[in-house]
Amino acid sequence: MTVTALLFASYADVLQCESLEIALPKGATVGDVVAHVRAMPGGAMLPPSPLVAVNQAYARSDVVLASGDEIAIIPPVAGG
Amino acid sequence: MRTAIVDDVIDVESLLAEVERDSNGATVLFIGTVRDQNNGRPVTGIEYACYGPMATRELSSICTEASERFATLDIVVEHRVGHLFVGEASVVIAVAHARRGSAYEASRYIIEQIKRRLPIWKREEYTDGTREWVDPTAVAVVGPES
């Protein structure tokens, strides 16, 4: 299956991309996406357990993904 | 109740007008603005970036929670994104309620939840021409309360 990972702000800067398609085996979790991104060049700058949203809602790292899911890896927020 | 992520100047007067109601005895207005320094470094402006669809949804959720907790529908919140100069408003929260206590509490709840949950980031620009993403590590950043 394929999912889309979104990166923002400082995370997009260190990985030099804002969006990428990731092919994963069925049953893959949020944690697998994070591990994939952290293995990319620059990805080690991300914390091991960053905030993540699946389809625009915050999700734990053990959430099982479906093909087509949008996984946002969210740097520490700084609104206001 | 209305919430929005906007990319233009926030019209504070119009937000106040939206929460007006004869049954309300108190209106609390919170305006978050870009200040001219952070941690001792002089700031000239801030670029706000967001995860648009989620920020829109999360801001709406926060205000629905505030509406239910504090029993008022008279809540209007706008958060601005894009480039802002010092002194400009980045977030405006207007809350009106029959009683002042609940108006204050609802306003405080909304800004604190924005700080915790809203997927918005800011890159400060300094007088020396450099810029940096703000990482509020001193503040616990977690997902929504269960």
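**Sheets, helices and the interface of chains A and B**

In strand 2 of chain A, E21(A) is the bridge partner of T4(A). The structure is a predicted model, in which local features need pLDDT of at least 70 and side-chain atom pairs count only at pLDDT 80 or more, whereas totals for chains, interfaces and linings use all residues. Residues are numbered from 1 along each chain as its sequence is written, and chains are lettered from A and ligands numbered from 1 in the order in which they are written. Helices (H or I, at least four residues) and strands (E, at least two) are DSSP runs, numbered from the N terminus.

The pair T4(A) and E21(A) belongs to the contact between strand 1 (residues 2-7) and strand 2 of chain A, which run antiparallel and are joined by five bridges. Two strands are taken to pair if DSSP finds at least two bridges between them. Strands of a sheet pair through backbone hydrogen bonds, either parallel or antiparallel. In chain A, five strands make an open sheet with mixed pairing and the order 2-1-5-3-4. Strand 2 (19-23) and strand 4 (57-58) of chain A are at the edges, each with a single partner strand, so one side of each has no neighbour in the sheet. Helix 2 (residues 30-38) of chain A packs on this sheet and touches strand 1, strand 2, strand 3 and strand 5 of chain A; the direction of the helix makes about 60 degrees with that of strand 5 of chain A. Contact means that the C-beta atoms of two residues, placed from the backbone, lie within 7 Å. Axes are lines fitted to C-alpha atoms, for helices over the stretch in contact, and angles run from 0 to 180 degrees between N-to-C directions.

Chain B also has an open sheet, of four strands in the order 1-5-7-2, with mixed pairing. Strand 1 and strand 2 (26-33) of chain B stand at its edges, each with a single partner strand, so one side of each is left without a neighbour in the sheet. The twist from one strand to the next averages 5 degrees. Strand 5 of chain B pairs with strand 1 (residues 2-6) of chain B in the parallel sense over five bridges, and V77(B) is the bridge partner of T3(B). With strand 7 (residues 89-97) of chain B, strand 5 of chain B pairs in the antiparallel sense, also over five bridges; here H79(B) has V91(B) as bridge partner.

Helix 3 (residues 100-117) of chain B lies across strand 2, strand 5 and strand 7 of chain B, at about 150 degrees to strand 7 of chain B. Helix 2 (residues 52-70) of chain B is followed by A71(B), whose phi is positive, near 60 degrees.

Between the chains, 16 residues of chain A are in contact with 26 residues of chain B. Helix 1 (9-15), strand 3 (51-54) and strand 5 (70-74) of chain A each supply at least two residues of the side of chain A that touches chain B.
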